[in-house]
Amino acid sequence: MNFVVALKAEAGPLIEFFKLSKQSSEELPLFTNDNHRLVLSGPGKELSAKATAFLRNRFPLPNQAWLNFGLAGHGSLPVGKIFLANRILDKQERAFYPTQCLKHKLESSALRTCSFPLSGYPEAIGFDMEASAFCKTASPFSIRELIQVIKVVSDNPDYPVDTFDRSSAGALIEKALPSLLPVVDQLETIAKKIELPMGLKEHIDSVFSLHPFSETQCHQIRKLLTHAHALGASKKDTLQLVMEATSEKQAISNLSNSLENHRILQ
Amino acid sequence: MIKVIYHEEGILDHPHSQAVLRLYPKATLIPCAHYKDVFNPSGQSFRLQKESPALILARKTGSLVHPVPATYGIGGRHNFYFSHLLNCLYDCRYCFLQGMFPSAHYVLFVNFDEFKNEILRKQKESPDEATWFFSGYDCDSLALEQVTGFADSFLPFFAEHPNAHLELRTKSVKLKALEDKSPLQNVVTAFSFTPDEISGQLEHKVPSVSSRIRAIEKIADLGWPVGIRIDPLIDCKNFEKRYRCLIEKLFTKLNPDFVHSVSLGAFRVPISYFKKMEKLYPEEPLFAGKFEKRGNFTGYRKEIEEKRSEFCQNELLKYIPEEKLFLCETTGKEPKQ
């Protein structure tokens, strides 16, 4: 699970809750535990994009959950309200529609990412300075279902941004945390759902280690082992077939022949 | 249950949109400039979206009625298809839609009148001959009837234009839209079948084979022409026993005289769709079958395909005359270049 958060004050409650440790000697402020990674981007689109790319390059795992979390202004929601962005607008970019696949009780709202702080609230939607760049940068790294933006309202027409007391940021986020955490859990569950079936990846890796397969052969082996798994063949048997082979070519042929009679739907 | 409805700007005023909104008053409404902004982006997970698809209300522009592939038809010389809806309520593992569309959201094109105008234009190109219009190419024609009101709207239209013929292709057993109306001889309701054992494994969320047989029997009794689509043919253990049993069951219940047509379709999917389908469901035994690439398609090895098709043809010809049997050579249209 990857968090991209603009400011330390917004990230503090998350760092504390997940017991994230600051990593030293990193290009950007990075906090991690075994399953969660949080980067502090700083404010604005450019920094958000840079931090998102940094986190991806630092942990290059496919289809991880990505969450941009923090404070935002809003044209109609009350201060302290937490909302899930249902479309991210930006005058310089195409609109981004995060798939609304989460079961949640949060408000759902559009969010416009601006390059500069706005003086007013021209629409009844959210306003921030990072989300569009975060979504654009994260989208080549993961499926859209796993790229989400959640914000807590810090200011609105009744309490404009110039009256916002920065020292209250942590308290606003902390109050919103109980609503956020079930959504984080769901994102992690969804990310697990799209992984290869249980143990298959490890099995494929162990087969790869038995012979010096070429790229093309790896592709063939991966496909054969996936089919073997789908057809209910035992991992022990398929491993044995590859071990017994005296060449890479023979390993592929052994696997292929062993599956031939099973390639039929029950 | 639809929880999220995207809508093109300006489309909510349309009477069909209003009817949908009345069905789902609590749905979250999200505007978009064009349905493709939501539907088309790459990097969406069809599999995850299928768990709870959103509905997109849109207006279909450009060409609304298209010619069907030459090998697809049930006897007519002029054959077209149109799609008032993209995607399907059901989740059949063999369905080419999961390889063709980037998203599992339903797209409902609410401008039915423009579809009807285009259908009329096509029909008038050969005014003295039957022109066929297939409605279940990119969706199940009737499964979402409660939401789309498609049959309710189009059946009276086809009643007025007897030379325009409509095929409703479905696995639905909710056929109130037909039951409430007088039967039309230019509308064929065609039900797709695989044997029980295959349906149980591959046709998720689909009514059982026996309930579909009951449904087809019921509307045939009401006088509606019905069709049987054994499509796609799925290679499986005990193939002959299972398919013989299915065909027997169908014709024990149905008077073959009331069956307009029967078609057999091989399982053939454009290569790129098949790759996407097997990537979506790596644990699915169907995709580990004896397939090969032929031309632009992936299908069962030729000898298997021919043997299976021949067996079913022979079984079907025990019940129906040859002129009612049609062979469809493709499942899924080729990707646009």
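I'll start with two helices. In chain B, helix 11, residues 239-253, and helix 13, residues 302-316, have axes that come within 10 Å and cross at roughly 30°. This is a predicted model, so please hear everything that follows with that in mind. Angles under 35 degrees count as roughly parallel, and helix 11 of chain B and helix 13 of chain B are therefore roughly parallel to each other. The crossing in which helix 11 of chain B passes helix 13 of chain B is right-handed.

Now the residues involved. On the helix 11 side of chain B we have Phe239(B), Glu240(B), Tyr243(B), Arg244(B) and Ile247(B). They meet Arg308(B), Phe311(B), Cys312(B), Glu315(B) and Leu316(B) in helix 13 of chain B. Sorted by class, this contact between helix 11 and helix 13 of chain B has six nonpolar and four charged residues, and no polar ones.

Next, the sheet. Five strands of chain B make an open sheet, with the order 2-1-3-8-6 and mixed pairing. Its edges are strand 2, at 28-32, and strand 6, at 85-86, of chain B, each of which pairs on one side only. Further in, strand 3 of chain B, residues 55-58, pairs with strand 8 of chain B, residues 106-109, in the parallel sense over four bridges. To give you one position to look at, Leu55(B) stands opposite Tyr106(B) in strand 8 of chain B.

Stepping back to the whole chain: chain B has 13 helices and 18 strands. Its radius of gyration is 19 Å, close to the 20 Å that the globule rule gives for 337 residues, so chain B is as compact as a globular protein of that length. The C-alpha trace of chain B spans about 55 × 45 × 35 Å along its principal axes.

Last item, the partner chain. In this model, 29 residues of chain B are in contact with 26 residues of chain A. Which elements of chain B supply at least two residues each to the side that touches chain A? They are strand 2, helix 2 at 35-39, helix 3 at 46-49 and helix 9 at 196-202 of chain B. Strand 2 of chain B gives the most to that side, with three residues.

Terms used. Residues numbered from 1 in each chain as written. Chains lettered and ligands numbered in written order. Predicted model: local features only at pLDDT ≥ 70, side-chain atom pairs only at ≥ 80, totals over all residues. Axes fitted to C-alpha atoms, helices over the stretch in contact; angles between N-to-C directions. Parallel < 35°, antiparallel > 145°, perpendicular 65-115°, else oblique. Left-handed = near helix turned anticlockwise from the far one by under 90°. Contact = placed C-beta atoms within 7 Å. Nonpolar A, V, L, I, M, F, W, Y, C, P; charged D, E, K, R; others polar. Pairing = 2+ DSSP bridges. Rg over C-alpha atoms; globule rule 2.2 N^0.38 Å.
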